[in-house]
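This report takes the overall fold, then one residue and its surroundings.

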Amino acid sequence: MALVRSVFSAKKILGGSITRTSKAPPKGFLAVYVGESQKKQRHFVPVSYLNEPSFQDLLSKGEEEFGFDHPMGGLTIPCPEDTFISITSQLQG
């Protein structure tokens, strides 16, 4: 049930912006923008990450900084890209 709530929260955060991107993520993934500068990198992450505490911490940072008004038109995570990659690579195994 928590995953369902997380998915609905992600849809609220994303506001349907994924469909407006030039390349939609594969089924079962969502697009996130990562970085601390104006030039953020887009990454596709599995929806299953929404249930992972370490990924939820990253989402909380984005919510604290941007609320639900994301300047990139999608979910933005304000952390260094190498930190993001380090955290998400631990989730893959």
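A residue is buried under 20% relative accessible area, exposed over 50%, and partly exposed in between (1.4 Å probe, protein chains only). Of the 93 residues of the protein, 35% are buried. This is a predicted model: local features need pLDDT of at least 70, side-chain atom pairs count only at pLDDT 80 or more, and totals for chains, interfaces and linings use all residues. Residues are numbered from 1 along each chain as its sequence is written, and side-chain values use heavy atoms, with hydrogens and water left out.

The protein has three helices and three strands. Their order along the sequence is α-β-β-α-β-α. Helices (H or I, at least four residues) and strands (E, at least two) are DSSP runs, numbered from the N terminus.

Two whole-protein values follow.

| Property | Value |
|---|---|
| Accessible surface (Shrake-Rupley, 1.4 Å probe) | about 5,800 Å², 52% of it from carbon and sulfur atoms |
| Contacts between residues at least 6 apart in sequence (heavy atoms within 4.5 Å) | 50% join residues at least 24 apart |

Now the single residue. Thr88 sits in helix α3 (residues 81–92). Thr88 is buried, at 7% relative accessible area. Its side chain reaches the backbone oxygen of Ile85 at 3.3 Å. Beyond neighbours within four places in sequence, Thr88 contacts Tyr49 and Phe55.

Tyr49, Phe55 and Phe84 form one aromatic cluster. The structure holds two aromatic pairs, where rings of Phe, Tyr and Trp (its six-membered ring) pair if their centres lie within 6.5 Å.

Notes:
A polar contact is a pair of N or O atoms within 3.5 Å; within protein, one must be able to donate a hydrogen and the other to accept it, and residues adjacent in sequence count only if both atoms are side-chain atoms. Rings of Phe, Tyr and Trp (its six-membered ring) pair if their centres lie within 6.5 Å; planes under 30 degrees apart count as stacked, over 60 as edge-to-face and the rest as tilted.
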